[in-house]
Amino acid sequence: FAVEVGVGAAVMVDLHSHFTKCEVIGYLAGKWDSITRKIIITRAFPGITLLQGSDAMQEAEMDPVSEVVLRSKVESCGLQVVGWYHSHPTFEPVPSSVDITNQANYQLLFHDQSSRAYPFVGMICGPYDVRMSRTVSRMYYYYVESPTTERTAMRLKVDYTPEIARSFGDSGGGSGSSDPADVADVTSSSSSSSSSSSSSSSSSS
């Protein structure tokens, strides 16, 4: 399936990840279109991690009470939970074996029987990895191909679309692919694309 991410949701994840050098966790919300087979992510909902101290430096687990509250908030906004995110504060944002297991379990939990799909995305934000060549966060999106058997993690490419943060139906305007994506570049490229579109419209009129 295809994945579109509102820039505002990515920025929220990045902001949450910069609050601490412990792992953070939360939900990604939007909608799953079973006809076009597309996940549209419009908002990020920061959660509370259950782990504290040194355990929280390299692992994140959602507090059960926080999870109930987050799901309620998502539903009250007329959205669906379509993914989860967490951070790898000081190390490479690629899924660990624990991350893959968690992702597989989430996919089974949010299985869409009507379309026989597992429309649930994992996202990892890496804000403080000192090995990065630039001081911008890296975003890694992934999916488990066979959640019931082999549980093989696959990296996903996503389109960043500023307009979908305001409307589900409008997918026009600038977009950028993540491979890997960093929020600073995505935001600036989206702004440039929007400005170019405005200039073109003015010239044609």
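Here are a few friendly notes on the structure above.

1. This is a predicted model, in which local features need pLDDT of at least 70 and side-chain atom pairs count only at pLDDT 80 or more, while totals for chains, interfaces and linings use all residues. Residues are numbered from 1 along each chain as its sequence is written, and side-chain values use heavy atoms, without hydrogens and water.

2. Start with strand β4, residues 80–87. Helices (H or I, at least four residues) and strands (E, at least two) are DSSP runs, numbered from the N terminus. Seven of the eight residues in β4 are buried; buried means under 20% relative accessible area, exposed over 50%, and partly exposed in between (1.4 Å probe, protein chains only).

3. Now look at the partners of β4. Strands pair if DSSP finds at least two bridges between them. With β2, strand β4 pairs in the antiparallel sense over six bridges, and Ala29 stands opposite Val81 in β4. With β5, the pairing of β4 is parallel, over five bridges; here His86 stands opposite Ile124 in β5.

4. Most residues other than glycine have a negative phi. Arg37, however, has a positive phi of about 55 degrees, and Arg116 has a positive phi near 55 degrees. Arg37 sits in the loop between β2 (25–33) and β3 (38–46), whereas Arg116 is in the loop between α3 (97–109) and β5 (121–126).

5. How exposed are these two arginines? Arg37 is partly exposed, at 35% relative accessible area, while Arg116 is exposed, at 75%.
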